[in-house]
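Let's take a friendly walk through a protein structure together. Have a look at it first, and then read on.

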Amino acid sequence: MTDKNTPLWEVFIRTRNGMAHRHVGSVHAADATMALQNARDVYTRRGEGLSVWVVRSSEITASDPSEKGMMFEPADSKIYRHPTFYDVPDDVGHM
Amino acid sequence: MYTQALNTREAAAPEDPEREARFQARIDAEEKIEPNDWMPEAYRRTLIRQIAQHAHSEIVGMLPEGNWITRAPSLKRKAALLAKVQDEGGHGLYLYAAAETLGVSREELVALLLSGKQKYSSIFNYPTLTWADIGVIGWLVDGAAIMNQIPLCRCSYGPYARAMIRICKEESFHQRQGYEIMVTLARGTPEQKAMAQDALNRWWWPALMMFGPPDGDSQHTDTAMRWRIKRFTNDELRQKFVDATVPQAHHIGLTIPDDKLTFNDTTGHWEFGAIDWAEFKNVIAGNGPCNKQRLKQRNASHDAGAWVREAALAYAEKRRRREAAGRLVAAE
């Protein structure tokens with residue numbers, strides 16, 4: 001029997017040219033080559049992709065959802081980062 | 001993110017009514033719960049059990065159909081069946097990955113199936129005796145699965161809901177290929193039509209049992225509804241399935257094996273006879289026609305593949321060591 005767990009990989013697929021790779025799920029595989037092959041078999045049986053990335057799950061650093069308030073506060077408190085914050089005279093037209 | 005590595009599972013977290021209330025408020029607001037979010041232990045346990053048993057069902061479901069791959073009547077049917085069985089394997093893998101986000105490993109989940117500690121859908125403990133069974137499985141079994149699964153696409157747990165969306169897209173092909181087999185047999189020779197009717201007779205009642213015990217006896221329904229893991233009761237889904245399927249049977253001249261079946265003009269529903277719940281309980285308890293055979297076959301395949309898993313890991317480890325040694329030499 002295998003004692004060691006087979007590593008987990010996150011799978012990202014580019015569905016069409018011009019689109020970014022997008023996370024679709026995960027697979028288990030002993031190495032990167034097999035992870036790519038598994039990802040192809042599991043996630044692209046119906047022409048879902050043009051390109052696949054696999055990344056060892058343990059290599060991902062993620063933010064903690066319970067600290068999202070503190071993490072994203074700077075983005076919420078700076079309304080002057082949005083174009084609608086600024087008044088432009090109506091007769092200038094679309095800007 | 002489908003990463004078990006990131007899931008730090010709080011060991012026996014004490015009950016926390018305040019957090020639970022906040023959690024329920026998020027659910028009531030139709031917010032999705034994601035892997036690293038706080039959740040009550042009972043929610044986590046319920047989901048692990050449900051998703052794992054769903055995954056096991058997909059994996060064991062490959063066995064009755066795999067039985068007919070080498071005996072399919074034409075190359076077209078064989079290619080379609082092969083693709084369908086491969087899809088079932090894929091569905092099992094999406095679902096295991098979703099369960100793993102709750103902090104349980106793939107190896108633990110597989111062990112629970114192999115030891116018989118966790119169940120799979122009782123339907124797969126019936127044998128596939130003729131080619132028509134393959135038609136009926138696609139039409140009825142996958143049809144019933146779709147009824148069950150469409151509401152799960154809106155389930156409160158994000159990874160489960162996303163896996164279900166992929167699965168539902170693919171199930172539609174399964175159901176149509178099954179019904180097409182039935183249409184072909186029903187329009188064929190008298191012997192072929194009789195074969196189709198015989199398969200329907202054997203699978204109809206087990207298919208109705210797939211929706212689980214009647215609402216009065218279902219232990220998990222209330223909590224599952226409150227947590228939006230479930231959105232319809234077993235009986236509601238069963239009725240939907242009967243209403244959708246009866247006209248499909250009549251369309252191809254097959255008879256539903258139920259002399260109590262009548263259409264109620266007032267409600268617009270098909271009313272059906274009593275289900276033999278003793279049979280259902282007996283199959284769940286492990287005494288169906290194929291329970292032992294299915295688990296034996298699953299265990300044999302798992303054991304026979306052990307050397308492949310070990311060799312793959314050993315090879316990856318060797319490559320890693322060689323690469324590390326190469327880097328040392330280059331650095332000198």
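## A stacked pair and its surroundings

W204(B) is buried, as its relative accessible area is 0%. Bear in mind as you read that this model is predicted. F241(B) is buried too, with a relative accessible area of 2%.

Over all chains, the structure holds 13 aromatic pairs. How are the rings of W204(B) and F241(B) arranged? Their centres are 6.2 Å apart and their planes meet at 25°, so this pair counts as stacked. The limit for stacking is planes under 30 degrees apart. The two partners come from distant parts of the chain: W204(B) sits in helix α7 (residues 190–209) of chain B, while F241(B) belongs to helix α9 (residues 234–251) of chain B, and 37 residues separate them.

Chain B also has an aromatic cluster, formed by F23(B), W38(B), Y43(B) and W227(B).

| Residue | Relative accessible area |
|---|---|
| W204(B) | 0% |
| F241(B) | 2% |
| I33(B) | 0% |

Now let's turn to the last residue in the table. Where in chain B is I33(B) found? I33(B) lies in the loop between α1 (17–28) and α2 (41–66) of chain B. I33(B) is buried because its relative accessible area of 0% is under the 20% limit. Leaving out residues up to four places away in sequence, I33(B) touches F23(B), R26(B), I27(B), M39(B), Y43(B), S156(B), Y157(B), G158(B) and P159(B). Two of these, F23(B) and Y43(B), are also members of the aromatic cluster. Another one, S156(B), is 123 residues from I33(B) in sequence, yet their C-alpha atoms are 6.0 Å apart in space.

## A look at chain A

Chain A has two helices and three strands. Starting at the N terminus, the order is β-β-α-β-α. What is the radius of gyration of chain A? The value is 21 Å, whereas a compact globule of 95 residues would have one near 12 Å. The C-alpha trace of chain A spans about 75 × 35 × 15 Å along its principal axes.

Of the 95 residues in chain A, 25% are buried. The accessible surface of chain A is about 6,900 Å², and carbon and sulfur atoms account for 55% of that. If you take the contacts in chain A between residues at least 6 apart in sequence, 43% join residues at least 24 apart.

Terms used. Residues numbered from 1 in each chain as written. Chains lettered and ligands numbered in written order. Predicted model: local features only at pLDDT ≥ 70, side-chain atom pairs only at ≥ 80, totals over all residues. Heavy atoms only, no water. Helix = DSSP H or I, 4+ residues; strand = E, 2+ residues; numbered from the N terminus. Rg over C-alpha atoms; globule rule 2.2 N^0.38 Å. Buried < 20%, exposed > 50% of the residue type's maximum accessible area, 1.4 Å probe, protein only. Contact = heavy atoms within 4.5 Å. Areas by Shrake-Rupley, 256 points an atom, 1.4 Å probe, with all protein chains shown as cover. Phe/Tyr/Trp six-rings, centres within 6.5 Å; stacked < 30°, edge-to-face > 60°.
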